[in-house]
Amino acid sequence: MSMEILNGRWPFWLGALALAAIAVGYAAALGRLLGVSGMYERLINAKAELATEREERAFRDRTVLEEALRRETILEMQRAGAPVPPEPAAGAAAAAGPELAPRVPLWGQLVFLLMMLAGGALAKALSGGLGLQAHPDPAHARLFGGVSPLVLVVGGVLVGFGTRLCGGCTSGHGLSGCGRLQPGSLVATACFFGGGVALSLVLAQVLA
Amino acid sequence: MSAGAMAAVPAADSGANRRSISGWGRILAANAGFGLLLGFSLSHIGFGDFGEVHRMFTFADLRLVLTFGGAVALCAAGFATLTRRWQFVRRRIQPASIAGGVVFGLGWALAGACPGIVLVQLGEGQLQALLTLGGILGGTWLFGVVQRRWGVGVTERC
């Protein structure tokens with residue numbers, strides 16, 4: 001069993017367990033849902049994203065300053081013997097329901113993407129097959145022949161455009177969205193899986 | 001300034017930061033750990049192998065179909081029990097959910113990669129995945145241009 005985990009393909013139940021643990025664990029740890037295509041979009045818009053993060057930081061600093069000033073003012077009023085204004089109900093908002101977590105900063109998402117790449121390399125290294133392959137994937141080349149590289153680029157563009165059009169990909173819609181039974185995610189997942197099945201069946205008929 | 005007053009200022013400050021960004025150590029650990037685990041798992045599941053993905057889409061091999069279906073079922077159980085303290089975005093059905101889903105599915109069948117998988121393929125040493133990654137980044141950029149101009153797309157994105 002332990003050899004199977006480090007070496008070779010996982011049985012379906014182990015893969016399902018790992019993917020679910022990652023999607024739920026990420027959301028439980030950070031309060032934000034896992035979604036890889038959203039990370040790409042934020043990296044593409046890195047300049048605007050970083051400006052937003054700077055604004056949020058400045059706002060947070062101002063909030064901290066205002067809170068400190070308020071406390072000092074109350075202390076000053078107490079010393080002077082003046083009537084003290086009532087405390088705002090801090091616990092009321094938290095008790096009302098679940099909280100909305102702040103967004104994961106851009107650097108955190110970049111770490112996630114780079115570590116995904118490292119995870120692929122680690123899996124390959126531990127099963128003894130690490131090395132660079134410049135030649136096209138054999139199954140891809142068998143299906144598409146000489147235009148295989150072009151098909152990768154065109155397919156990539158459709159993946160990038162399509163995931164942003166429907167607002168998520170296999171992780172954001174497929175795991176995080178379907179797992180929470182969100183209607184938009186269930187429909188998007190049915191459509192991307194259905195689209196993949198339809199085209200693959202046609203390709204297998206026409207090209208194979 | 002007394003020792004008590006000096007101690008009170010940093011304490012209040014770090015408390016506010018913990019509430020608002022949940023600590024950079026936590027962000028680093030969660031993103032590095034779950035990222036590594038996801039890349040490692042996807043590689044062993046075989047999602048980075050075009051042949052496996054093609055056999056999934058043509059139902060020639062049901063292992064990946066069962067893996068994905070099982071993961072969704074386990075996610076449903078996990079989200080229902082473990083993440084109740086957080087509030088998440090709701091995803092409604094919109095025309096772009098269907099159009100975008102189909103376009104993504106066609107691309108996945110052609111390239112054999114979704115946005116996460118292409119990184120796993122690169123990590124595995126598949127250099128031709130650079131073409132796919134270039135395409136995905138280009139497509140993401142193109143959507144931004146189209147969206148700013150014509151306002152297409154779903155309103156809640158992740």
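Which members of the largest nonpolar core touch the most other members? In this predicted model, they are Ala23(A), Ala71(B) and Cys75(B).

**View 1. Ala71(B) in the largest nonpolar core.** This core holds 88 residues, and Ala71(B) is listed with Ala23(A) and Cys75(B) as touching the most other members. Once residues up to four places away in sequence are set aside, Ala71(B) touches Ala16(A), Leu19(A), Ala20(A) and Leu175(A). As background, nonpolar side chains in soluble globular proteins tend to be buried together.

**View 2. Where chain B meets chain A.** Here 105 residues of chain B are in contact with 113 residues of chain A. On the chain B side, at least two residues each come from α1 (3-21), α2 (24-45), α3 (50-57), α4 (63-82), α5 (95-111), α6 (117-123) and α7 (129-150). The most come from α2(B), which puts in 17 residues. Sorted by class, the side of chain B that touches chain A has 55 nonpolar, 39 polar and 11 charged residues.

**View 3. Chain B on its own.** Of its 158 residues, 51% count as buried. Take the contacts in chain B between residues at least 6 apart in sequence, and 52% of them join residues at least 24 apart.

View 4. Glu156(B) sits in the segment after α7 of chain B. Is Glu156(B) buried or partly exposed? Glu156(B) comes out as partly exposed because 17 other C-beta atoms lie within 10 Å, while a buried residue would need 20 or more. Leaving out neighbours within four places in sequence, Glu156(B) is in contact with Val89(B), Arg90(B) and Arg91(B), plus Gly167(A) from the other chain. Val89(B) is 67 residues away from Glu156(B) in sequence, yet their C-alpha atoms are 7.3 Å apart.

**View 5. Gln147(B) in helix α7.** Gln147(B) belongs to helix α7 of chain B. With 16 other C-beta atoms within 10 Å, Gln147(B) is partly exposed. Val152(B) and Gly153(B) are what Gln147(B) touches, not counting residues up to four places away in sequence. Ile45(B) is 102 residues from Gln147(B) along the chain, and their C-alpha atoms are separated by 35 Å.

**View 6. Leu181(A), a loop residue with a positive phi.** Leu181(A) has a phi of about 55°, positive although the residue is not a glycine. Most residues other than glycine have a negative phi. Look for Leu181(A) in the loop between α9 (170-179) and α10 (183-206) of chain A. Leu181(A) counts as partly exposed because there are 14 C-beta neighbours inside 10 Å.

**View 7. Phe59(B), another positive phi.** Phe59(B) isn't a glycine either, but has a positive phi of about 60°. The loop between α3 and α4 of chain B is where Phe59(B) is found. Is Phe59(B) buried or exposed? Phe59(B) counts as exposed, since 11 C-beta neighbours fall inside 10 Å and the cut-off for exposed is 12 or fewer.

View 8. Chain A averages a pLDDT of 90, and 92% of the residues score at least 70.

Terms used
Residues are numbered from 1 along each chain as its sequence is written. Chains are lettered from A and ligands numbered from 1 in the order in which they are written. This is a predicted model: local features need pLDDT of at least 70, side-chain atom pairs count only at pLDDT 80 or more; totals for chains, interfaces and linings use all residues. A nonpolar core is a set of buried Ala, Val, Leu, Ile, Met, Phe, Trp, Tyr and Cys residues joined through C-beta atoms within 7 Å. Two residues are in contact if their C-beta atoms, placed from the backbone, lie within 7 Å. Helices (H or I, at least four residues) and strands (E, at least two) are DSSP runs, numbered from the N terminus. Ala, Val, Leu, Ile, Met, Phe, Trp, Tyr, Cys and Pro count as nonpolar, Asp, Glu, Lys and Arg as charged, and the others, Gly among them, as polar. pLDDT is the predictor's confidence in each residue, from 0 to 100.
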